[in-house]
Amino acid sequence: QVQLAESGGGLVQAGGSLRLSCAASGSTFSTQTMGWFRQAPGKERELVAGISWKSFTTYYADSVKGRFTISRDNAKNTVSLQMNSLKPEDTAVYYCAARPGPFYRSYNEYDYWGQGTQVTVSS
């Protein structure tokens with residue numbers, strides 16, 4: 001069992017930055033692949049970035065490459081998403097998610113979810 005809690009969302013101007021954090025409870029965090037997903041109104045939930053549990057291999061959606069950075073600290077049971085050069089199309093609810101073992105892209109492969117944090121980027 002893993003419980004996740006996101007923080008760091010807010011309202012920013014285009015071109016600004018935010019850092020999202022996800023705090024996880026449970027001793028199994030280090031064995032979980034972690035992902036950040038987002039869902040905008042009227043759109044399907046999509047993977048933004050992921051990081052594996054073993055090799056710390058990272059994945060980024062094409063739309064955020066070069067702008068977002070995912071990281072994890074197993075000792076602190078946290079995963080973060082640094083978001084730079086934000087665009088209005090980044091506006092969404094951002095969710096932290098976890099699954100045991102290998103990385104997968106699909107949201108329905110993830111077992112644990114946070115409550116979400118709203119990110120709004122204004123023009």
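A search of the whole structure, which is a predicted model, finds four salt bridges. Several of these join into one network of Arg38, Glu46, Arg67 and Asp90 through shared partners, in a protein that has zero helices and 11 strands.

**Salt bridges**

- The side chain of Asp90 meets that of Arg38 in a salt bridge, with a distance of 2.9 Å from N to O; since Asp90 lies in the loop between strand 8 and strand 9 (92–100) and Arg38 in strand 4 (residues 32–39), the pair ties together parts that are 52 residues apart in sequence.
- Asp90 also forms a salt bridge with Arg67, in which the closest N and O atoms are 2.8 Å apart; because Arg67 lies in the loop between strand 6 (58–60) and strand 7, while Asp90 lies in the loop between strand 8 and strand 9, this pair ties together parts that are 23 residues apart in sequence.

**Overall form**

- From the N terminus on, the elements run β-β-β-β-β-β-β-β-β-β-β, and the radius of gyration is 13 Å, close to the 14 Å that the globule rule gives for 123 residues, so the protein is as compact as a globular protein of that length.
- Taken along the principal axes, the C-alpha atoms fill a box of roughly 40 × 25 × 25 Å.
- Buried residues make up 41% of the 123 residues, while the protein exposes about 6200 Å², of which carbon and sulfur atoms supply 47%.
- Among contacts with a separation of 6 or more, residues 24 or more positions apart account for 58%.

**The open sheet and its hairpin**

- Four strands form an open sheet in the order 1-3-8-7, and their pairing is antiparallel; strand 1 (3–7) and strand 7 are the edge strands, each of which pairs on one side only, and the twist averages 15 degrees from one strand to the next.
- Strand 1 pairs with strand 3 (residues 18–25) in the antiparallel sense over five bridges, and Leu4 has Ala24 in strand 3 as its bridge partner.
- Strand 7 and strand 8 (residues 78–83) run antiparallel and are joined by six bridges, with Val79 in strand 8 as the bridge partner of Arg72.
- The hairpin of strand 7 and strand 8 has four residues between the strands, and Asn77 takes a positive phi near 55 degrees there.

**Around Gly50**

- Gly50 lies in strand 5 (residues 46–51) and is buried, with a relative accessible area of 0%.
- Leaving aside its neighbours within four places in sequence, Gly50 is in contact with Met34, Gly35, Thr57, Thr58, Tyr59, Ile70 and Phe103.
- Gly50 and Phe103 are 53 residues apart in sequence, and in space they are 7.4 Å apart, C-alpha to C-alpha.

Conventions
Residues are numbered from 1 along each chain as its sequence is written. This is a predicted model: local features need pLDDT of at least 70, side-chain atom pairs count only at pLDDT 80 or more; totals for chains, interfaces and linings use all residues. Side-chain values use heavy atoms; hydrogens and water are left out. Two strands pair if DSSP finds at least two bridges between them. Helices (H or I, at least four residues) and strands (E, at least two) are DSSP runs, numbered from the N terminus. Buried means under 20% relative accessible area, exposed over 50%, partly exposed in between (1.4 Å probe, protein chains only). Contact means heavy atoms within 4.5 Å. Axes are lines fitted to C-alpha atoms, for helices over the stretch in contact, and angles run from 0 to 180 degrees between N-to-C directions. The radius of gyration is taken over C-alpha atoms; the globule rule is 2.2 Å times the number of residues to the power 0.38. Accessible areas come from the Shrake-Rupley method with a 1.4 Å probe; for residues, only the protein chains shown count as cover.
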